[in-house]
Each structure stands twice: as C-alpha cells, then as structure tokens.
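Thanks for coming. I have one structure to go through today, and I will keep it short. Please have a look at it first.

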Amino acid sequence: MNRFKLIALDMDGTLLTDDQRITEETVVWLNRAVDEGIKVLFTTGRGMQTASNYWDELGLESPMVLLNGAEVWRGPGDLHKRVFLPEDEVRSLHKLAMENHADWFWGYSRESLTG
C-alpha cells in the first residue's frame, strides 16, 4: 500500500520552471506517482485559462483547486464549485490598488484573465 495518496502542487515557483515549463524529470516522477495510484493535483492561483494546458500535458484526471480556492474542479470539464467576489468588493480592491500605486492588478472572470 502506498504511503502517500495525494500530491498537491503549486505551479508558479514550484512545479514550473522560470520559462513556464514542467521539466522532463518532473513529468517522469509525476507519471510514476499516478501509475502508483497517487492523485496528483494543482492547487494554484491560476485559473483554468492558464492551468488547463499543464493538466492536459500530464494527462491528469484528478481534481484541481484553482484561483486560490475560488474554483474546485472534480476533473477535466467537471466544475464542482465556483465562488465569486461581489462586484462592489472587486471595485473596492481595484480602488485600493490604484490609490497605493500598485504595479499591477489582475483578476479572472469566467471567460478571461483581465489585467
């Protein structure tokens, strides 16, 4: 019996290289984990728009926790839960960022990443 049942991975600064790749060695080890019955999933601030290619690259069928927990997917194409911030909170956060001269401000909608 496997000692581990789940590997949950952040993407940026952890799974991905500086040029946004998964190394061949990492792919080998993650495939080995999946072959051993271990679930491999992403837990990331990224949205489906920028995480799904990596999900596909690894051939994963496991759940994903995206947008810092605002979306939970049971598997590819199977959304379990999505939580939205109310519009007034988004406007308030944007105003706060602008007042404090933030270098950048971005957010996700269902359709896209907006910067």
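This is a predicted model: local features need pLDDT of at least 70, side-chain atom pairs count only at pLDDT 80 or more; totals for chains, interfaces and linings use all residues.

Let me start with helix H3, which covers residues 48–58. Which residues of H3 are buried? They are Met48, Ala51, Ser52, Tyr54, Trp55 and Leu58. Seen down the helix axis, these buried residues fall within an arc of 170°, so they line one face of H3.

What covers the buried residues of H3? The cover includes two helices, H1 (11–15) and H2 (24–35). It also includes the strands E2 (39–42), E3 (64–66) and E4 (71–75).

Is Glu57 buried, exposed or in between? Its relative accessible area is 44%, so Glu57 counts as partly exposed. Leaving aside neighbours within four places in sequence, Glu57 is in contact with Ile22 and Val27. Val27 is 30 residues away along the chain, and its C-alpha atom is 9.0 Å from that of Glu57. Just after H3 comes Gly59, with a positive phi of about 65°.

Now the strands. E3 and E4 run antiparallel and are joined by 3 bridges. One of the pairings is Leu66 with Glu71 in E4. The two strands form a hairpin with 4 residues between them, and in the turn Leu67 has a positive phi of about 55°.

E4 also pairs with strand E5, residues 78–82, again antiparallel, through 4 bridges. Here Trp73 has Leu79 in E5 as its bridge partner. This hairpin has 2 residues between the strands, and Gly77 takes a positive phi near 75°.

Which elements each supply at least two residues of the lining? They are helix H4 (87–99) and strand E6 (107–108). H4 gives the most, with 3 residues. By type, the lining divides into 10 nonpolar, 7 polar and 3 charged residues.

That is what I have for today.

Terms used
Residues are numbered from 1 along each chain as its sequence is written. Side-chain values use heavy atoms; hydrogens and water are left out. Buried means under 20% relative accessible area, exposed over 50%, partly exposed in between (1.4 Å probe, protein chains only). Contact means heavy atoms within 4.5 Å. The arc is that of the directions from the helix axis to the C-beta atoms. Ala, Val, Leu, Ile, Met, Phe, Trp, Tyr, Cys and Pro count as nonpolar, Asp, Glu, Lys and Arg as charged, and the others, Gly among them, as polar. Two strands pair if DSSP finds at least two bridges between them.
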